[in-house]
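Open the model in your viewer and keep the selection panel at hand. The stops below say what to select next and what is there.

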Amino acid sequence: MRRTFKPFKFSFKSNKSIILVDSEKISVDSSEVFDVILSPKYYWAKKENLPVKYTYQAKSYAPSSFDGIVPEGEYKYLAKKADEGYWIYAYDEHYILSEIEKLGLKSSQIRKVYFSQVEFETITKPIVINKNEVLTKHNENIIKVPMQMVQESRSFESFMQNHQLSNFSISLHQFGHLIDFKKMMLVAVALLALIILYGVHYYWLGSELEKLQAQQTMIQKKYKMPTTKLQTDALMRTLDKKATTQMDLREKFYKITKTPLIQKEYFSNISYEGKKFTMSLVLSDPKRVGAVESYLKKYFVIDSVQPAGNSVTFGVHYD
Amino acid sequence: MISRINPFFILGILALLLALLFFGVKSRESKIQKGNIELAKYEAKAKMLQELQRGWNQKNITSKLNSLAQSAMLKSNSKYTKTNDRAIMSISKVDKSQADSIVKNIFNEPFEIKKFNIKRATEHLLEIHLEVAQ
């Protein structure tokens, strides 16, 4: 049966929980979030006397300093000023995350990650990390040794009672194991390129919209259009109504002139006013009134028919 | 503390920006498409309005009616008067062919005819009375 490592859970102020992670299985509530201290298994650290003044300069030396020492991997580097020289660190985010996840802690449960080399640099007694091993200091290096090799030790929990975590921490690339960073960069570059393209297109479309507005103003001036749509529509309606009224009048007058008259029949008078016609006709026979009336009925509403011998006067209107 | 921004966060921001731009572009494209249609309609309306305004221009109407009254055919037998809102023309003693020509002229011009009368005065002569808005 596999042994399960009960994590050293230390509730700090503001309910922060701290876990020292080595090789043991971690049993924790999946909803909890932890600060993690990495055992030396997860990183490479060495002290160097570098001829530099600033930490960032020391960090730039780190890759060459670890070259050929660390196994193959995607390393990130850090530097921390020491009393003499610098502590430089190399760590592989993907490796750390995958290993921690194998132990039972999800990446989403990790808040900040600390190095035991920094956190335990002041220890006076070895710290127990499991039933068989302790972390101890040897030539300034924090290393893991079998418990039998030390005479006395203290628990991680008791150490943390009086220890405040340093400011030297990292936030792990929580999703780094899902996608290669270079691929992400490619995606970012592609997105940026698209943003630039769409941005330029968006700007160009803006100028096209302005052109449209300018064209409308130009048309308005060229054709002396009223300034508002309301005025334009009102003017249009008035003129249109005039035109329609006159077209109707022409058409109706044309229909009147085409009244089917026979020889010696004629109009003696045609009057028009306000969509009403009054017309007097002389017919060859009074019986012809009906024929003329039925023709007029096709195009007009008959208001009055006044026969007088061979003559007849029609009063008609239209809509 | 060594802080690092989650690349997914950056990608998310970029994707959001791209989405906003995409919808912005689509919205502007649609506005331009609609704008072009509206502009074509507006120009057509402007042309029609100009045509109607020219046609129904009161100065034109008065001068056309006046020139009709002053034409050789009607100079001697027409009377042209104006009131506040109407131009009135009375024509007497025109034969059938002259009457045809006058009526065609009247109905082919953009006159707003308020009142019109054509009357047979004798067997061969006609009288015309016309009132148009001015």
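**Stop 1: a helix in chain B**

Select residues 58–69 of chain B, which form helix α2. At 1.5 Å a residue, its 12 residues should span 16 Å, and the end C-alpha atoms are 16 Å apart, which agrees. The expected span is 1.5 Å times one less than the number of residues. Helices (DSSP H or I, at least four residues) and strands (E, at least two) are DSSP runs numbered from the N terminus.

This is a predicted model: local features need pLDDT of at least 70, side-chain atom pairs count only at pLDDT 80 or more, and totals for chains, interfaces and linings use all residues. Residues are numbered from 1 along each chain as its sequence is written, chains are lettered from A and ligands numbered from 1 in the order in which they are written, and side-chain values use heavy atoms, with hydrogens and water left out.

Within α2(B), show the side chains of I61(B), T62(B), L65(B), L68(B) and A69(B), which are buried. They cover an arc of only 130° around the axis, which puts them on the same side of α2(B). The arc is that of the directions from the helix axis to the C-beta atoms. Buried means under 20% relative accessible area, exposed means over 50%, and partly exposed lies in between (1.4 Å probe, protein chains only).

**Stop 2**

Select N77(B), in the loop between α2 and β1 of chain B. Is N77(B) buried or exposed? At 17% relative accessibility, N77(B) counts as buried. Its side chain reaches the backbone oxygen of K93(B) at 3.2 Å. Leaving aside neighbours within four places in sequence, N77(B) is in contact (heavy atoms within 4.5 Å) with S90(B), I91(B), S92(B), K93(B) and V94(B).

**Stop 3: the interface**

Now show both chains. The size of an interface is often given as the accessible area lost when the parts come together. Here chain A and chain B bury about 5,200 Å² between them, 70% of it on carbon and sulfur atoms. Buried area is the accessible area (1.4 Å probe) that two parts lose on being put together, summed over both. To the contact, chain A gives 60 residues and chain B gives 48 residues.

Between the chains, 11 residue pairs are in polar contact, both residues being at pLDDT 80 or more. A polar contact is a pair of N or O atoms within 3.5 Å; within protein, one must be able to donate a hydrogen and the other to accept it, and residues adjacent in sequence count only if both atoms are side-chain atoms. On the side of chain A that touches chain B, β7 (76–81), β14 (169–170), α5 (181–222), α6 (229–257) and β15 (266–273) each supply at least two residues. Which element gives the largest share? It is α5(A), with 23 residues.

**Stop 4: salt bridges between the chains**

Side chains of opposite charge can pair when their charged atoms come close. A salt bridge is a side-chain nitrogen of Lys or Arg within 4 Å of a carboxyl oxygen of Asp or Glu. Across the interface of chain A and chain B, this rule finds 2 salt bridges.

Select D233(A) and K45(B): they form a salt bridge, with the closest N and O atoms 2.8 Å apart. Then select E112(B) and K242(A), where the closest N and O atoms of the salt bridge are 3.7 Å apart. This pair crosses from the loop between α3 and β3 (113–120) of chain B to helix α6 of chain A. E112(B) is buried, with a relative accessible area of 16%, and K242(A) counts as buried at 17%.

**Stop 5: salt bridges within chain A**

Over all chains, the count comes to 17 salt bridges. Select E152(A) and K125(A), a salt bridge with the closest N and O atoms 4.0 Å apart. The pair links distant parts of the chain, 27 residues apart: E152(A) is in the loop between β12 (141–146) and β13 (154–155), and K125(A) is in the loop between α3 (116–119) and β10 (127–128) of chain A. E152(A) is partly exposed at 49% relative accessible area, and K125(A) is partly exposed at 35%.

Finish with K144(A) and E133(A), whose side chains meet in a salt bridge (4.0 Å, N to O). K144(A) lies in strand β12 and E133(A) in strand β11 (residues 133–138) of chain A, so the pair ties together parts that are 11 residues apart in sequence.
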